[in-house]
Amino acid sequence: LPPRISDRLDPKMAAVDVEVSKKRSVGGTIRPDEFVDVWLSTKFTVGTGKTAIETPLQTLIAKDCKVLM
């Protein structure tokens with residue numbers, strides 16, 4: 001069995017599960033024990049019908065996160 005996640009965390013760290021497609025994960029080149037920034041990419045719509053405006057939004061939500069798996 002691989003090491004438990006809790007054994008791989010530094011003190012005061014917490015693990016979260018984030019699903020990322022291979023395309024969005026730098027072509028699958030991100031490896032365990034690397035550090036990454038996590039960005040939220042989404043679109044939101046203001047208004048309805050013909051007056052609706054769709055706006056993309058990207059924002060940094062976490063910096064220097066350790067990749068566990």
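Select Lys 63 to begin: with a relative accessible area of 53%, this residue is exposed, where exposed stands for over 50% relative accessible area, buried for under 20% and partly exposed for what lies in between (1.4 Å probe, protein chains only). The model is a predicted one, in which local features need pLDDT of at least 70 and side-chain atom pairs count only at pLDDT 80 or more, while totals for chains, interfaces and linings use all residues. Residues are numbered from 1 along each chain as its sequence is written, and side-chain values use heavy atoms, with hydrogens and water left out.

Lys 63 forms a salt bridge with Asp 37, and their closest N and O atoms are 3.3 Å apart; a salt bridge here is a side-chain nitrogen of Lys or Arg within 4 Å of a carboxyl oxygen of Asp or Glu. Lys 63 lies in strand β2 and Asp 37 in strand β1, so this pair ties together parts that are 26 residues apart in sequence. Asp 37 is partly exposed, at a relative accessible area of 34%.

Now display β1 (35-46) and β2 (residues 53-66) as a cartoon. Helices (H or I, at least four residues) and strands (E, at least two) are DSSP runs, numbered from the N terminus. How many bridges join β1 to β2? There are 11, and the two strands run antiparallel; strands are taken to pair if DSSP finds at least two bridges between them.

Asp 64 is not a glycine, yet has a positive phi of about 55°. Most residues other than glycine have a negative phi. Asp 64 is exposed, with a relative accessible area of 51%.

Four salt bridges are found in a search of the whole structure. In one of them, Arg 8 pairs with Asp 33, with 3.1 Å between the closest N and O atoms. Arg 8 lies in helix α1 and Asp 33 in the loop between α1 and β1, so the pair ties together parts 25 residues apart in sequence. The C-alpha atoms of Arg 8 and Asp 33 are separated by 9.3 Å.

Asp 33 also meets Lys 66 in a salt bridge (3.9 Å, N to O). Asp 33 belongs to the loop between α1 and β1 and Lys 66 to strand β2, so this pair ties together parts 33 residues apart in sequence. Arg 8, Asp 33 and Lys 66 are thus placed by their relative accessibility: Arg 8 is partly exposed at 21%, Asp 33 is partly exposed at 45%, and Lys 66 is partly exposed at 23%.

**Around Arg 8 and Pro 32**

Keep Arg 8 selected and show its surroundings. Not counting residues up to four places away in sequence, Arg 8 touches Pro 3, Pro 32, Asp 33, Lys 66, Val 67, Leu 68 and Met 69, contact being heavy atoms within 4.5 Å.

Then select Pro 32, in the loop between α1 and β1. Which residues does Pro 32 contact, leaving aside its neighbours within four places in sequence? They are Arg 8, Val 67, Leu 68 and Met 69. The C-alpha atoms of Pro 32 and Met 69 are separated by 5.2 Å, although 37 residues lie along the chain from one to the other. Pro 32 is partly exposed, with a relative accessible area of 41%.

**Elsewhere in the loop**

Lys 12 also has its place in the loop between α1 and β1. Its phi is near 70°, a positive value in a residue other than glycine, and Lys 12 counts as exposed at 89% relative accessibility.

**The whole chain**

Finally, zoom out. The elements run α-β-β from the N terminus on. The C-alpha atoms fill a box of roughly 55 × 30 × 20 Å, taken along the principal axes. Of the 69 residues, 4% count as buried.
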